[in-house]
Amino acid sequence: MASLGTFAFPVRLIGADVDQQVEHTDADWARLAQKGDRTAFAALVRKHQDRIYRHLLRLTGSRDEALELAQETFVKAWQALPEWYPDAQFHTWLFRIASNTAMDLLRRRKIVDFVALEERFDAPAGGAGPEAQLETKQRLLALQKALGRLPAEQREAVLLREVEGLSYAEIALATGVTEGTVKSRIARGREALVADTVRIEP
Amino acid sequence: MKESCPRIGEVSAFMDGALSGPARDEFAGHAKTCPLCGARLLEFTALSERLKTLRDTRCEADLARLVDRRLADRAPARRAPRKRAWWQNWQLAPQGLGVAAALAMGVYLGLLLTGGGAAMRPSAMAVFDASPPGALCAGRCSREGH
């Protein structure tokens with residue numbers, strides 16, 4: 001089984017006659033991609049596309065924009081691959097490109113205001129009855145709207161921490177700010193979200 | 001007036017494990033006794049659980065294929081030279097004959113001008129010579145007359 005940070009993928013090695021099940025890390029794929037191997041880059045895209053798309057979807061609130069921005073992110077990553085070095089976590093590097101791409105677009109269009117996802121937002125079923133599913137869906141929609149009311153920088157920091165599970169150091173690298181700023185943005189974002197959704201009176 | 005705790009700002013960092021060892025243990029003890037920090041910790045934990053449900057979102061499109069297509073479009077086009085069918089070569093025959101005739105004419109005229117083709121020189125051209133055909137050598141006769 002592939003360990004965290006590795007990705008099992010059948011690959012035809014140069015000079016080999018048979019396909020071999022080889023575990024490749026992001027760094028392995030990235031090194032091959034740096035030499036112009038688009039198949040290796042496609043493996044990286046497949047591995048990270050859900051995270052990048054999801055993050056962009058929550059940042060913009062629009063499926064179409066998220067899909068377009070995700071493609072743009074990977075194209076930019078391909079172009080910037082010669083600058084990538086193995087010391088940098090590939091997913092952190094990707095999030096940085098995605099973040100810059102999304103923020104550029106939002107600033108350019110002057111719509112930093114978030115657009116809440118529409119009613120067809122797919123809530124996880126969870127195996128509960130229709131009423132429970134409806135309640136879950138409504139709760140997630142409320143959360144989505146509360147996220148939309150956050151300043152974009154706080155929203156981004158909270159999402160990277162809570163949804164993508166990045167550390168403060170990784171978020172700092174991905175967003176280009178200090179760890180202290182990350183800590184502050186997350187704390188303020190959480191406070192605002194709690195005030196909007198799950199306030200518990202002591 | 002609403003109550004407040006000076007340590008309420010540490011809850012978020014504590015939850016993320018961003019406090020160092022001794023500070024973390026000390027704050028954990030504080031949160032157990034402080035109703036404000038304790039309540040905030042519960043709120044943040046509940047929020048965290050809700051936010052984690054957003055992880056279920058998947059990208060329905062095959063981005064690898066879409067991105068690869070974009071990369072292929074941007075790559076410099078390498079077109080293989082088109083191979084001509086054998087019968088298409090016959091279409092070149094008239095042009096080939098024309099070129100060959102033009103070359104032959106060029107060579108012929110070139111030889112005429114340089115005099116390298118004396119054998120081929122037309123007799124009509126001889127009237128333009130210093131001594132026309134049939135005449136005696138004028139230079140020699142005049143010298144002999146003196």
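The expected span of a helix is 1.5 Å times one less than its number of residues. Keep that in mind for helix α2 of chain B, which runs over residues 21-33: with 13 residues, α2(B) reaches 19 Å from its first C-alpha to its last, close to the 18 Å expected at 1.5 Å a residue. Everything described here belongs to a predicted model. Of those 13 residues of α2(B), the number buried is one, so this helix lies largely in the open.

Now let us turn to chain A. Its secondary structure comes to eight helices and two strands, in the order β-β-α-α-α-α-α-α-α-α along the sequence. Of its 202 residues, 35% count as buried. If you look at contacts in chain A with a separation of 6 or more, 57% of them come from residues 24 or more positions apart.

In soluble globular proteins, nonpolar side chains tend to be buried together. Here the largest nonpolar core has 54 residues, and the members touching the most others are L44(A), L56(A) and A70(A). Helix α2(A) provides the largest share of this core, ten residues. To see what surrounds L56(A), set aside its neighbours within four places in sequence: L56(A) is then in contact with A66(A), L69(A), A70(A), A98(A) and A102(A).

**Where the chains meet**

Across the interface, 35 residues of chain A are in contact with 32 residues of chain B. The helices in the table each supply at least two residues of the side of chain A that touches chain B.

| Helix of chain A | Residues |
|---|---|
| α2 | 38-60 |
| α3 | 63-80 |
| α5 | 130-149 |
| α6 | 152-162 |
| α8 | 179-196 |

The largest share of that side, ten residues, comes from α2(A). By class, the side of chain A that touches chain B divides into 21 nonpolar, three polar and eleven charged residues.

**One helix pair up close**

Two packed helices are described by the angle between their axes and the distance between the axes. For α8(A) and helix α3 of chain B (residues 35-52), the axes come within 10 Å and cross at roughly 85°. Angles of 65 to 115 degrees count as roughly perpendicular, which means that α8(A) is roughly perpendicular to α3(B).

Which residues in α8(A) and α3(B) meet? From α8(A) they are R190(A), L193(A) and V194(A), and from α3(B) they are E43(B), F44(B) and L47(B). This contact of α8(A) with α3(B) has four nonpolar, no polar and two charged residues.

Notes:
Residues are numbered from 1 along each chain as its sequence is written. Chains are lettered from A and ligands numbered from 1 in the order in which they are written. This is a predicted model: local features need pLDDT of at least 70, side-chain atom pairs count only at pLDDT 80 or more; totals for chains, interfaces and linings use all residues. Two residues are in contact if their C-beta atoms, placed from the backbone, lie within 7 Å. Helices (H or I, at least four residues) and strands (E, at least two) are DSSP runs, numbered from the N terminus. Ala, Val, Leu, Ile, Met, Phe, Trp, Tyr, Cys and Pro count as nonpolar, Asp, Glu, Lys and Arg as charged, and the others, Gly among them, as polar. A residue is buried if 20 or more other C-beta atoms lie within 10 Å of its own, exposed if 12 or fewer, and partly exposed in between; C-beta atoms are placed from the backbone. A nonpolar core is a set of buried Ala, Val, Leu, Ile, Met, Phe, Trp, Tyr and Cys residues joined through C-beta atoms within 7 Å. Axes are lines fitted to C-alpha atoms, for helices over the stretch in contact, and angles run from 0 to 180 degrees between N-to-C directions. Angles under 35 degrees count as roughly parallel, over 145 as roughly antiparallel, 65 to 115 as roughly perpendicular and the rest as oblique.
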